[in-house]
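Here are some notes to read alongside your copy of the model.

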Amino acid sequence: MTEEISLDALDFCALIHPGDRVVWGQGGAEPVALTTRLMAQQEGIGRFSAFVGMSLADSVAPAHAGQVRFQSYCGAARNRALAREQALDILPCHYSQLASALAPVDVLLLQVAEGPRGFSFSIAAEYLVPLVRSARLVIAEVNAQAPWTHGEYLDKRDIDLLVRTDRPPLELPSAAGGETEQLIARHIAGLIEDGATLQLGMGSLPEAVLDGLRSHRDLGIHSGAIGDKVADLMEQGIITNARKALDTGVSVGGVLFGGERIYRYAHDNPRIQLRSTAYTHSLDVLRSLDRLVTINSAIEVDLTGQVNAELAGGVYVGAVGGAMDFQRGAHASHGGLPIIALPATALGGRQSRLVGSLSGPVSTPRADAGLVVTEYGVADLRHCDLRQRALRMVEIAHPDFRESLARAAGI
């Protein structure tokens, strides 16, 4: 039986036990009213663990680490403060396995939207959907300003405690790209056919890629994240999903990562559906989408095609995430393109991001390599031996580093 209470009456000390695992939605899906109150009461609970996803809020901080063991799949956004203070434990698993890695959950905190047809997961469904079934206790912040989205829904009986709020959801600021991102986007746009289905990560490069597709037609979206630019291209009739074999006419994602633009466009819009990670990252689903183009970023790539997407300068800033799930999906798709895109250099041009040896972990192995794109071109590593790969990678490196990279590869 669902109990509706006020935020002031919510006593986490009576609901959460020492040693419990608490999970909540990430990004704009974080139920900030609940997480802020939880952190305010954390000293009275005893030590517990909290999975924070990718945090955009200031509700959690390194100062809380004495009582709370913070865990995430990534070191991005506000998680970097936790990572720098060694207050963040990383789950290095593929995104398709994240929900099973978290289950069973003791307490699940949700931000949901209420409409005439009941409750929706609003801004994020992804790993939250299966956790509803495994949670001992589900507490929902029903935010009057959260968008009501299609795809995954909750019955009131799924919720144990319900708290009503009225606040703007958190937003991910738009990341403006420069000339380098535009050059990379131009190379990628030249690879994409009309009617292709796209998966994109987050940041300035995916936004630049979408900006470069305004002359394309009948594009589709099947992605972990959907952002503001997708709303723009759907409204302009460029993204229609008309040629998708599955979910024809519908953009499918797991989470809205953007701001008021995508929230407003997705609100009660059946042409956007948010689905569980079990669907968005499923290899069976991905292989059924012809011409699936997956575009993900990296911190560095070595000359054999191995990708480090996690560690930079000894600090955990990225993630294993869903890149390899989508990389393998694009390999399996008829006409698919598995793309890793990154600028050729870092630190103002002083360091090559194409390297002889990775300085961090292997997030994607060379056996799963596809196409690597920098501002200097495209290296298609599929079906290439190691020498051929090295030659192609050197060609797309910054000219200042090509000679040393060739020497490192012995070519």
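Predicted model: local features only at pLDDT ≥ 70, side-chain atom pairs only at ≥ 80, totals over all residues.

1. A word on the source.

2. Helix α11. Please start with the helix formed by residues 323–332. Seven of its 10 residues are buried, so α11 is largely enclosed by the rest of the structure. The buried residues are Ala323, Met324, Asp325, Phe326, Gln327, Gly329 and Ala330. If you wonder what covers them, the elements include two helices, α9 (277–280) and α10 (283–287). Strands take part too, among them β11 (197–200), β17 (292–297) and β22 (337–341).

3. Is Leu82 buried or exposed? With a relative accessible area of 1%, Leu82 falls under the 20% limit and is therefore buried. Setting aside neighbours within four places in sequence, Leu82 is in contact with Val60, Ala61, Pro62, Phe70, Ala87 and Leu88.

4. Helix α12 covers residues 386–395 and helix α13 covers residues 399–409. Their axes come within 9 Å of each other and cross at roughly 170°. An angle over 145 degrees counts as roughly antiparallel, so that is how α12 and α13 are arranged. From α12, the contact is made by Ala390, Val394 and Glu395, while α13 contributes Arg402, Leu405, Ala406 and Ala409. By class, the residues of this contact are five nonpolar and two charged, with no polar ones.

5. A cis peptide bond. Have a look at the step from Ala103 to Pro104, where the peptide bond is cis and omega is near -5°. Pro104 sits in the loop that runs between α3 (98–102) and β6 (107–115).

6. Positive phi at Asp218. Although Asp218 is not a glycine, its phi is positive, at about 55°. You will find Asp218 in the loop between α6 (204–211) and β12 (220–221). Asp218 has a relative accessibility of 23% and counts as partly exposed.

7. Positive phi at His383. His383 is another residue other than glycine with a positive phi, here near 65°. His383 lies in the loop between β27 (377–380) and α12. How accessible is His383? Its relative accessible area is 82%, so His383 is exposed.

8. Salt bridges overall. Side chains of opposite charge can pair when their charged atoms come close. How many salt bridges does the structure hold? The count is 21. The remaining points pick out some of them.

9. Arg164 with Glu114. The side chains of Arg164 and Glu114 meet in a salt bridge, at 2.8 Å from N to O. This pair links distant parts of the chain, with Arg164 in strand β10 (residues 161–165) and Glu114 in strand β6, 50 residues apart. Arg164 is partly exposed, at 41% relative accessible area, and Glu114 is partly exposed as well, at 42%.

10. Arg117 with Asp268. Here the side chains form a salt bridge at 2.5 Å, N to O. Again the pair links distant parts of the chain, 151 residues apart. Arg117 is in the loop between β6 and β7 (118–120), and Asp268 is in the loop between α8 (260–266) and β16 (272–274). Arg117 is exposed, with a relative accessible area of 52%, whereas Asp268 is partly exposed, with 38%.

11. Asp380 with Arg382. The closest N and O atoms of this salt bridge are 2.9 Å apart. Asp380 counts as partly exposed at 24% relative accessibility, and Arg382 is partly exposed with a relative accessible area of 25%.

12. A charged network. Which residues are linked in a network of salt bridges? They are Glu207, Asp211, Arg214 and Lys229.

Methods
Residues numbered from 1 in each chain as written. Heavy atoms only, no water. Buried < 20%, exposed > 50% of the residue type's maximum accessible area, 1.4 Å probe, protein only. Helix = DSSP H or I, 4+ residues; strand = E, 2+ residues; numbered from the N terminus. Contact = heavy atoms within 4.5 Å. Axes fitted to C-alpha atoms, helices over the stretch in contact; angles between N-to-C directions. Parallel < 35°, antiparallel > 145°, perpendicular 65-115°, else oblique. Nonpolar A, V, L, I, M, F, W, Y, C, P; charged D, E, K, R; others polar. Salt bridge = Lys/Arg side-chain N within 4 Å of Asp/Glu carboxyl O.
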